[in-house]
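Okay, thanks everyone, I'll keep this short. Let me put the structure up, and then we'll walk through a pocket and some helix packing.

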Amino acid sequence: MSNVLTHQGRVAVVTGSGRGIGAAIALEFARRGAKVVAVDLQLPSDTVSAIGAAATGVAADVSDPDGWVAVARAAEAAFGDVDIVVNNAAYYPNHAIDDLDFETWKRTMSVNLDAHFFSAKQFVPAMRRRKWGRFVAISSNSVGLPVKGMSHYIASKMGVIGFMRGLANDVANDGITCNAVLPGLTHTIATEAQGEEQRRAVWQGQAIQRFAEPEDIVGPVLFLTTDDAAFMTGQALVVDGGQYRVG
Ligand SMILES: NC(=O)c1ccc[n+]([C@@H]2O[C@H](COP(=O)([O-])OP(=O)(O)OC[C@H]3O[C@@H](n4cnc5c(N)ncnc54)[C@H](O)[C@@H]3O)[C@@H](O)[C@H]2O)c1
């Protein structure tokens, strides 16, 4: 990882940063000089204490627009205007279509897709005024793979790619970019339930044949939120060791 303070002076919101990929992203933002607003269902105390004074924590449900008002207030009180939003929190129960109920479908869409809309409504106006902003949606490479029992999740993760593409068009003239990152199977609590054999079968299908750690996903997210990526928008960046290839 770079030791350059690429994100000095930036304020970054990272949802679902109490653990896993979100925590790794939050820690690296701080290491690169950003102030971090760490959001999770419960106060992400471990992440905030690991970062120290450059972080503030917010307990909020990202599927609730009031939660986003709380995030904006906490950001403003601690650090000022938000420059970067990484929507990483997700809901991912496994249900084949036969037992997938409407409540689960709605909750999946609400956490994994509505949250991105709420964050844009909350933060685009100030980003426009300041002529700079970055949205990164954490999607999934499962959108291009034969993963069973995840039709609702895959729909939501395709949805955020679509939202980033569309939002990119509306905000492009104000220095705001919107991109999606598609991780492959990554070593977090989310994938703990899968057996060793099942996980091995996945990573053996990658060009880089090992199980990804959360830190493997961080670099591309950090890159997309710098000035170096100012001319990249509406893109879907796959970060999976070369499992799912596009183009
Ligand atoms: N781990 C993988 O293999 C993998 C693969 C592809 C994509 N992803 C995506 O990466 C992201 C992070 O995954 P992870 O494995 O670190 O997950 P995780 O379950 O370890 O962490 C997700 C965090 O989000 C929080 N969260 C959930 N719902 C929330 C809500 N409504 N409001 C606020 N916070 C909420 C959880 O409390 C948790 O701390 C997700 O978007 C996931 O879909 C993960």
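So, the lining of the largest pocket: by class, its residues split into 23 nonpolar, 19 polar and six charged. Before I go on, keep in mind that this is a predicted model. The volume of that largest pocket comes out at about 1,300 Å³. Which residues lie closest to its centre? Out of 48 lining residues, those are Tyr92, Tyr153, Thr188, Ala190 and Thr191. As for the elements that give two or more residues to the lining, we have helix H1 (20-31), strand E2 (35-40), H4, H5, helix H6 (189-192) and helix H7 (196-203).

Three of those helices come up again in the packing, so let's go there. In general, you describe two packed helices by the angle between their axes and the distance between the axes.

Start with H4, residues 102-130, and H5, residues 151-171. Their axes are 9 Å apart, and the packing angle is about 15°. Angles under 35 degrees count as roughly parallel, and therefore that's what we call H4 and H5. The crossing of H4 past H5 is right-handed. On the H4 side, the contact residues include Trp105, Met109, Leu113, Phe117 and Arg128. Facing them, H5 brings in, among others, Tyr153, Val160, Phe163, Leu167 and Asp170. Tyr153, you'll remember, was also on the list of residues closest to the pocket centre. By class, the H4 and H5 contact has 12 nonpolar, seven polar and three charged residues.

H4 has another partner, and that's helix H3, residues 65-78. Here the axes are again 9 Å apart, but the angle is about 45°. That makes H3 oblique to H4. The handedness of this crossing is right-handed. From H3 you get Pro65, Trp68, Val69, Val71 and Ala72, and they meet Ala115, Phe118, Ser119, Gln122 and Phe123 of H4. What's the class make-up of this contact? Eight nonpolar, two polar and no charged residues.

Last pair: H1 and helix H8, which covers residues 215-224. Their axes come within 9 Å and cross at roughly 55°. H1 and H8 are therefore oblique to each other, and H1 passes H8 in a right-handed crossing. Who touches whom? On H1 it's Ile21, Ala24, Ile25, Glu28 and Phe29, and on H8 it's Glu215, Ile217, Val218, Val221 and Leu222. The class count for H1 with H8 is eight nonpolar, no polar and two charged residues.

That's my tour, so over to you for questions.

How values were computed: Residues numbered from 1 in each chain as written. Predicted model: local features only at pLDDT ≥ 70, side-chain atom pairs only at ≥ 80, totals over all residues. Heavy atoms only, no water. Axes fitted to C-alpha atoms, helices over the stretch in contact; angles between N-to-C directions. Helix = DSSP H or I, 4+ residues; strand = E, 2+ residues; numbered from the N terminus. Parallel < 35°, antiparallel > 145°, perpendicular 65-115°, else oblique. Left-handed = near helix turned anticlockwise from the far one by under 90°. Contact = heavy atoms within 4.5 Å. Nonpolar A, V, L, I, M, F, W, Y, C, P; charged D, E, K, R; others polar. 1 Å grid on protein atoms, 1.4 Å probe; cavity = no way out; pocket = protein on both sides within 12 Å on 5 of 7 lines; lining within 4 Å. Points joined across faces, edges and corners; volume = space filled by probe spheres on them.
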